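Hi,

Here is the structure I promised to pass on. Have a look at it first, and my notes follow below.

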Amino acid sequence: MTAISVRDLHVTLGKSPILRGVDLSVASGEWVAVIGPNGAGKSTLLRAIGGLLPTSGAVSLLGTPVERLRRRARARTVATVAQSPVVPPGMSVFDYVLLGRTPFVSLLGRESAGDLAAVRALLDRLDLSGFGDRELETLSGGERQRAFLARALAQEPSLLLLDEPTSALDIGHQQEVLELVDTLRRDQGLTVLATMHDLSIAGGYADRLVLLAEGAVVAAGTPREVLTEELLSRFYRARVRVVDGVD
Ligand code: ADP
Ligand code: MG
Ligand code: MG
């Protein structure tokens, strides 16, 4: 089944065309990484797929056009972790993850015992069970990224959009977070679309790569197909040494 389908997507911000006819599809359970130089439009693409920008062209999530999903239905289908999520000052990790339950909580009511249990289970799952009372601001980079993921997973999404989930982390914590995402994908059948900065890491985790440049897809395929010196030198305008052993 196609989890994410994007056809001829155009986005204009201000007066500038940022995405210029993007086609993309992600199968259910797949992990696709969007790579490309700074300013290529990767973050804009994720926001458009999440239904957060006016676009022309078609974006469907699990077969439904994204603009037809009401806000709460959309939040139960697709969850986004931005590159630098807002960290509300003074908010506990528990309350922050509870924010992810908003699409399930009655507007007039309050969280249920089930919502509280869901948050506790997520803190456990993401190795944050000792952190519920801590202020989010006091967490280290890796711990914070796990809290951001927990907040997204609290929405019980089928699709997870991650914007450079590891750009603030050292290599050890990058791997820890990506292993976690991979395990969640396998255990829960999540579909993952992530923009990724580090090419060898992207190639090591994603099933397929999409190379975006100046708002258009210029290559897509397996890591081996996309991570070629020819393509990378052309679109990153740098001499790139391709790392062996990515599949
Ligand atoms: P990437 O994530 O690949 O680095 P972005 O999607 O963040 O790229 O940005 C793509 C281009 O769109 C950049 O040139 C950026 O300056 C521009 N852009 C982003 N947001 C806006 C905006 N609100 N108004 C005008 N231009 C924008
Ligand atoms: Mg970006
Ligand atoms: Mg769901």
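The largest nonpolar core has 70 residues, and Ala 33, Ile 49, Val 97, Leu 122, Ala 150 and Leu 193 touch the most other members. By nonpolar core I mean buried Ala, Val, Leu, Ile, Met, Phe, Trp, Tyr and Cys residues joined through C-beta atoms within 7 Å. Buried is 20 or more other C-beta atoms within 10 Å of a residue's own, exposed is 12 or fewer, and partly exposed is in between, with C-beta atoms placed from the backbone. Helix α5 (residues 141-153) gives this core its largest share, six residues; helices (H or I, at least four residues) and strands (E, at least two) are DSSP runs, numbered from the N terminus.

This is a predicted model: local features need pLDDT of at least 70, side-chain atom pairs count only at pLDDT 80 or more, and totals for chains, interfaces and linings use all residues. Residues are numbered from 1 along each chain as its sequence is written, while chains are lettered from A and ligands numbered from 1 in the order in which they are written.

Now the ligand. Around ligand 1 (C-beta atom, placed from the backbone, within 6 Å of it) you'll find Leu 13, Gly 14, Ser 16, Ile 18, Gly 36, Asn 38, Gly 39, Ala 40, Gly 41, Lys 42, Ser 43 and Thr 44.

Lastly, Phe 104 sits in the loop between α3 (93-99) and α4 (113-125). Phe 104 counts as partly exposed because it has 17 C-beta neighbours inside 10 Å.

Cheers
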